[in-house]
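Subject: Structure handover

Hello,

Here is the structure for your files. Please open it alongside this note. My findings follow below it.

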Amino acid sequence: MLRHIVMFSCKDSADRDRIRQGLSLLTQIPHAQKLEVAFNEKVDQLGNDIEVVVYGEFADVEALRAYKDHPLYQQSIDIVRPLRDLRVAADYTVEAAATTAL
């Protein structure tokens with residue numbers, strides 16, 4: 001399984017809801033096993049620039065590629081890109097992740 005995590009900051013915090021709404025279109029794309037869009041609750045005391053987080057689980061890289069090729073993905077980009085500042089993405093294979101001290 002592949003985990004896909006993307007974090008966004010806003011150019012203007014007043015657009016936070018619009019960014020989340022635009023990203024929520026991604027939940028309609030059928031290629032993800034799980035997809036969540038949420039506001040950062042900013043519990044950590046440091047580095048609270050991130051406003052919105054997308055968390056997805058995909059069977060494999062091909063499923064992630066199919067997700068990104070879906071027309072709703074581009075529609076979401078068209079809404080969010082003008083409103084967001086920073087976009088940081090990370091992908092990793094669950095089976096390769098350390099789950100105990102190395």
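In which strand is the place of Val52? Val52 sits in strand β3. Helices (H or I, at least four residues) and strands (E, at least two) are DSSP runs, numbered from the N terminus.

Two points on the source before going on. This is a predicted model, in which local features need pLDDT of at least 70 and side-chain atom pairs count only at pLDDT 80 or more, while totals for chains, interfaces and linings use all residues. Residues are numbered from 1 along each chain as its sequence is written, and side-chain values use heavy atoms, with hydrogens and water left out.

Back to Val52

Val52 is buried, at 0% relative accessibility. Buried means under 20% relative accessible area, exposed means over 50%, and partly exposed lies in between (1.4 Å probe, protein chains only). Leaving out residues up to four places away in sequence, Val52 touches a list of residues that includes Val6, Met7 and Phe8, as well as Ile19, Leu23 and Phe39. Contact here means heavy atoms within 4.5 Å. Cys10 is 42 residues from Val52 along the chain, and their C-alpha atoms are separated by 8.4 Å.

The core

A nonpolar core is a set of buried Ala, Val, Leu, Ile, Met, Phe, Trp, Tyr and Cys residues joined through side-chain atoms within 4.5 Å. The largest one has 21 residues. Leu23, Leu26, Val54 and Tyr67 touch the most other members. Two or more residues each come from β1, α1, β2 (34-39), β3, α2 (61-69) and α3. Strand β1 gives the most, with 4 residues. Take Leu26 as a case. Neighbours within four places aside, Leu26 is in contact with Leu35, Val54, Tyr67, Leu72, Tyr73 and Ser76.

Helix packing

Helix α1 (residues 16-24) packs on helix α3 (residues 71-80) at an angle of about 170°, with the axes 8 Å apart. Axes are lines fitted to C-alpha atoms, for helices over the stretch in contact, and angles run from 0 to 180 degrees between N-to-C directions. That makes α1 roughly antiparallel to α3. The cut-offs are under 35 degrees for roughly parallel, over 145 for roughly antiparallel, 65 to 115 for roughly perpendicular, and oblique for the rest. On the α1 side, the residues are Arg18, Ile19, Gly22 and Leu23. They meet Ser76, Ile79 and Val80 in α3. By class, this contact has 4 nonpolar, 2 polar and 1 charged residues. Ala, Val, Leu, Ile, Met, Phe, Trp, Tyr, Cys and Pro count as nonpolar, Asp, Glu, Lys and Arg as charged, and the others, Gly among them, as polar.

Salt bridges

Side chains of opposite charge can pair when their charged atoms come close. A salt bridge here is a side-chain nitrogen of Lys or Arg within 4 Å of a carboxyl oxygen of Asp or Glu. By this rule there are 5 salt bridges. One of them joins Arg3 and Glu57 (3.5 Å, N to O). Arg3 lies in strand β1 (residues 2-10) and Glu57 in strand β3 (residues 52-58), so the pair ties together parts that are 54 residues apart in sequence. Arg3 is partly exposed, at 21%. Glu57 is buried, at 12%.

Arg18 pairs with Asp15, with the closest N and O atoms 3.6 Å apart. Arg18 is partly exposed at 47%, and Asp15 is buried at 16%.

Lys34 meets Glu36 in a salt bridge (3.6 Å, N to O). Lys34 is partly exposed at 37%, and Glu36 is partly exposed at 38%. Shared partners also join Arg16, Lys42 and Glu51 into one salt-bridge network.

Single residues to look at

Lys42 is in the loop between β2 and β3. Its relative accessibility is 31%, which counts as partly exposed. Phi of Lys42 is near 55°, a positive value in a residue other than glycine. Most residues other than glycine have a negative phi.

Tyr92 is in strand β4 (residues 84-93). Tyr92 is partly exposed, at 33%. Beyond four places in sequence, Tyr92 touches Met1, Leu2, Arg3, Ile5 and Ala97. His4 is 88 residues from Tyr92 along the chain, yet their C-alpha atoms are separated by 6.9 Å.

Ala66 is in helix α2. Ala66 is partly exposed, at 24%.

Best wishes
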